[in-house]
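Subject: Structure for you to look at

Hello,

Here is the structure I said I would pass on. My notes on it follow below.

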Amino acid sequence: MPQAALGVSPAEGSAYVGIDTLQEQTRQRALRRGYTFNLLVVGRSGLGKSTLVNTLFKSSVARRKDGKEEPLPSTTQVKKVETTVSEGGVKLHLTVTDTPGFGDHINNENCWEPIISYIEQQYSRYLEEEQKVQRLLRIPDTRVHCCLYFIPPSGHSLSSLDVEVLRRLDKVTNVVPIIAKADTLTMEERDTFKERIRADLKDHGIKNYPLDDTSEAEFAKMKERLPFAVVGSSQWHEVHGRKVLGRRSTWGLVEVENKAHNDFACLRDMLIRTHMQDLIDCTAEVHYENYRRAKLTPLQNGDAAESKKGDAQSKL
């Protein structure tokens, strides 16, 4: 664009304005406020949900039994743990919501209802605050930004329960399917299992994150890995003079952060290092927006009908 169109004379063309500092200003503002990320984990007991989340954030942030026996809930429950994780001067307000009792009973009919209800309750709270005349300047964001759905390493297709739950979850939140305890499968079994799951997701019209209409190269590489076949562990082992997280068996050691062994590092990079902000934005711009429209459209239509009725009466 010509300099004259910008209101800058040719003689002043080399003058520094400082627009490039906006990025740093935004960064400093975000650092003062801190970041918020809300993670939901869904899966049957014994799949290592808490261990994986604790491994992801290198901290005890998820609910754990610590070796103590806990009675199995009679129905699916929703329990959340809130904490603040700090690294390099950046504060992350993290909420991890677990779903004990999910899929653990003989009759799992409607076991997904407490989960869907919880997600929608967070949208409702946000919408209620947003509509107030005197509202908070910064509305606390408790909306679920990502759901990690744990699939048992059976090597078969998705179960009917998995299909039913995923079909409902993908309508209300960002779903990332993962194969739990992937070290129980050989590499060949793992690849075959991934292909079956991808086929099941496509056949049943289930959309996972990233959404299918995303064509960016970085998302395309991520899609090739889905569903993530992961291994979680809090045990450190020494390998060639270095400490690594891993799971040791009679035949060897599976290194948690080794991309040649499993997809844990890819999952962590996506959740934390490359796409956390995109998950937050997708929640606000897609899932919450869908919820907001569904709730407000009937009210708007009702107001319009009342207005037309009033106009008709005034003409009589």
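Four aromatic pairs are present in this predicted model. One of them is Phe102 with Tyr149, an edge-to-face pair with centres 6.2 Å apart and 80° between the planes. The pair joins parts of the chain 47 residues apart: Phe102 is in the loop between strand 3 (90-98) and helix 3 (113-130), and Tyr149 is in strand 4 (residues 146-151). Phe102 and Tyr149 are both buried.

Another pair is Tyr123 with Tyr291; the ring centres are 5.5 Å apart and the planes are at 40°, so the pair counts as tilted. Together with Tyr126 and Tyr288 they make up one aromatic cluster.

In soluble globular proteins, nonpolar side chains tend to be buried together. Here the largest nonpolar core has 73 residues, and the members that touch the most others are Phe37, Leu148, Val176, Phe228 and Leu267. Helix 3 contributes the most to this core, with seven residues. If neighbours within four places in sequence are set aside, the contacts of Leu148 include Leu39, Val41, Leu56, Val176, Ile178 and Leu267.

On the sheet: six strands form an open sheet of mixed pairing, in the order 2-3-1-4-5-6. Strand 2 (79-87) and strand 6 (228-229) are the edge strands, each pairing on one side only. Strand 6 is parallel to strand 5 (residues 175-179), with two bridges between them. Phe228 in strand 6 is the bridge partner of Ile178.

- Helix 4 (residues 160-169) touches strand 4 and strand 5, and its direction makes about 170° with that of strand 4.
- Helix 5 (residues 187-203) touches strand 4, strand 5 and strand 6, and its direction makes about 150° with that of strand 5.

Thr76 is in the loop between helix 2 (49-56) and strand 2. Is Thr76 buried or exposed? Its relative accessible area is 8%, and the cut-off for buried is under 20%, so Thr76 is buried. Its C-alpha atom is 4.4 Å from that of Gly101, a residue 25 places away along the chain. Not counting residues up to four places away in sequence, Thr76 touches Gly101 and Phe102, among others.

Last, the backbone. Most residues other than glycine have a negative phi, and most peptide bonds are trans. The exceptions I would point to are these:

- Tyr209 and Pro210 are joined by a cis peptide bond, with omega about -5°; Pro210 is in the loop between helix 5 and helix 6 (217-225).
- Leu226 and Pro227 are also joined by a cis peptide bond, with omega about -10°; Pro227 is in the loop between helix 6 and strand 6.
- Asn110 has a positive phi of about 60°. It is in the loop between strand 3 and helix 3 and is partly exposed, at 33% relative accessible area.
- Lys181 has a positive phi near 45°. It is in the loop between strand 5 and helix 5 and is partly exposed, at 32% relative accessible area.

Regards

Methods
Residues numbered from 1 in each chain as written. Predicted model: local features only at pLDDT ≥ 70, side-chain atom pairs only at ≥ 80, totals over all residues. Heavy atoms only, no water. Phe/Tyr/Trp six-rings, centres within 6.5 Å; stacked < 30°, edge-to-face > 60°. Helix = DSSP H or I, 4+ residues; strand = E, 2+ residues; numbered from the N terminus. Buried < 20%, exposed > 50% of the residue type's maximum accessible area, 1.4 Å probe, protein only. Core = buried A, V, L, I, M, F, W, Y, C linked by side-chain atoms within 4.5 Å. Contact = heavy atoms within 4.5 Å. Pairing = 2+ DSSP bridges. Axes fitted to C-alpha atoms, helices over the stretch in contact; angles between N-to-C directions.
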